[in-house]
Amino acid sequence: MENMTFVLFGATGDLAKRKIYPALYNLYLDGKLPQSISVIGLGRTPLSSEDLQAQIHEALNEFSRRDVLRDNVQDFLNKFRYFIFDAMKEESYENLRAFMEEREAELGIPDNRLFYLSVAPRLIDNIVKQLDASGISRTGGWRRLIVEKPFGTDLASARELNASLKEVFVEEEIYRIDHYLGKPMVQNIESLIRPNPILQALWDHKQISNVQITASETVGVGSRASYYDKAGAIRDMVQNHLLQLVMMTAVHHERKLTSDQIEQKKREIMESINPVSDEDLQNNIIRGQYQAGVVSGKAVKGYQDEDGVEDDSTNDTFFAAKLCINNEHWSGIPFYIRTGKRMDQKSTRIVIEFKQDSDAEKDVGIVSNLLVIEINPNESVSLRVNVADHSSEKFEPTYIGFSKHPGHQPEAYERLLYDGMIGDSTFFAHWHEVELSWEWVQPILDAFANDEAPLHTYPAGSTGPDASHELIERDGFEWN
Ligand SMILES: NC(=O)c1ccc[n+]([C@@H]2O[C@H](COP(=O)([O-])OP(=O)(O)OC[C@H]3O[C@@H](n4cnc5c(N)ncnc54)[C@H](OP(=O)(O)O)[C@@H]3O)[C@@H](O)[C@H]2O)c1
């Protein structure tokens, strides 16, 4: 890996402490950082480099998946410098440039620069313009820009944000983070199917009856009400994570694909999803909101009674939909997606359900086969099969599979930061996917904003509104 400068905007923020520093440290432990790297943390808070290093050390103790090793942590921390910086002030950039060049000279490294924008989206337009105006981003080596979510709040704002980035950077230099794409099981979908002829045989689309993607949480809105009450499940989870999971599941890997081919296929999948019609808004899109209930044996408030939420809020804390992908592989195979807060369990999973003979003996317990890819909190793959129980003369559904211990796996941010450093954008969200996702979502946002789609309620601790069960039962299936 080439030596570089890693410029972290938002070095004093929550994300840096919880995810970015632990990820860098674990990459360091694995020998996956460049031999020489200058990491420059930026923020307005007056700190010295030693102060930042002490904060990073504390963050590692709290959030690193592996123990902090006393004999090498200082070597890791020495790579960091702090620079007091106000993104809205022009002179900050001139000073940063001088500081960065000095450090490059001190370490004898080329001007390869990776800019990580872990700051509020409202700062991004100015940061990008000033990076260019100050010459910081005009490097002799390569330059890359990592951008955090949210990428816009609707189609228009996403396009505006993208236009700002494109004034200075080209698409190949822009790495939009969707941390679901960094999760091991999502990255493994391709490597699970392609080298395993037995699974490839199952992946014959003629055998699949439907695909279900669930991302459920038991937590409520917590302390994020001011953001969440405006965003809703649709912006927080659907436009980005769930649609990315749909794309990753639907990519057909008949052979090993390059990063560009995967990007192209994901784009084609989004282009072949039916746009949302008025009929879909009434029948195939379910908006829900939790009411008071019981989660893990504890009574919890309804959404409208949460601190920071409007009493008459119609915000969606649950979303479910049926999608149809009109291409040669998936035509006629429905994809059902759902996500919700305050559900009965925390689980992100992809379930492929296989066709069952219409004359199967359901009365003796025979059920359809399922391939279950569990992404979070467990990482596992299992296959549901029917096993005869000779004592009862019935069949029992039994899961055969394997699971990995999440603690031993690199975290999503480790994988994504590493990819950003080596210049591999396979598991980042590319602009066309993002734009097409917003295009699909926009009519739903409009309908929700104008209250043109029903708002269903569900008790906290349940599996969501009845309407979401009716959505799938209408087609003869049930949520798995
Ligand atoms: N936290 C998460 O779990 C999470 C998850 C996914 C995405 N994100 C996204 O990641 C980004 C950062 O989130 P966060 O939770 O870390 O936010 P945060 O805790 O509020 O931190 C914001 C950072 O921005 C810096 N900042 C604010 N105004 C600035 C200015 N004018 N000039 C320079 N620096 C400035 C702050 O530093 P000073 O106050 O020192 O200036 C701080 O380091 C956001 O876009 C967020 O949506 C966060």
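The model is predicted, so local features need pLDDT of at least 70 and side-chain atom pairs count only at pLDDT 80 or more, while totals for chains, interfaces and linings use all residues. Residues are numbered from 1 along each chain as its sequence is written, and side-chain values use heavy atoms, with hydrogens and water left out.

**The two domains**
- The domain assignment, which is of an automatic or database kind, gives domain 1 (4-148) and domain 2 (181-474).
- The centres of the two domains, taken over C-alpha atoms, are separated by 34 Å.

**The interface**
- In contact (heavy atoms within 4.5 Å) are 21 residues of domain 1 and 13 residues of domain 2.
- Domain 1 and domain 2 bury about 1,300 Å² between them, 67% of it on carbon and sulfur atoms, where buried area is the accessible area (1.4 Å probe) that two parts lose on being put together, summed over both.
- On the side of domain 1, the residues losing the most area to domain 2 are Lys 19, Leu 27 and Arg 65, which together make up 37% of what that side buries.

**Salt bridges**
- Between the domains there are 2 salt bridges, each defined as a side-chain nitrogen of Lys or Arg within 4 Å of a carboxyl oxygen of Asp or Glu.
- Arg 65 forms a salt bridge with Glu 414, and their closest N and O atoms are 2.8 Å apart.
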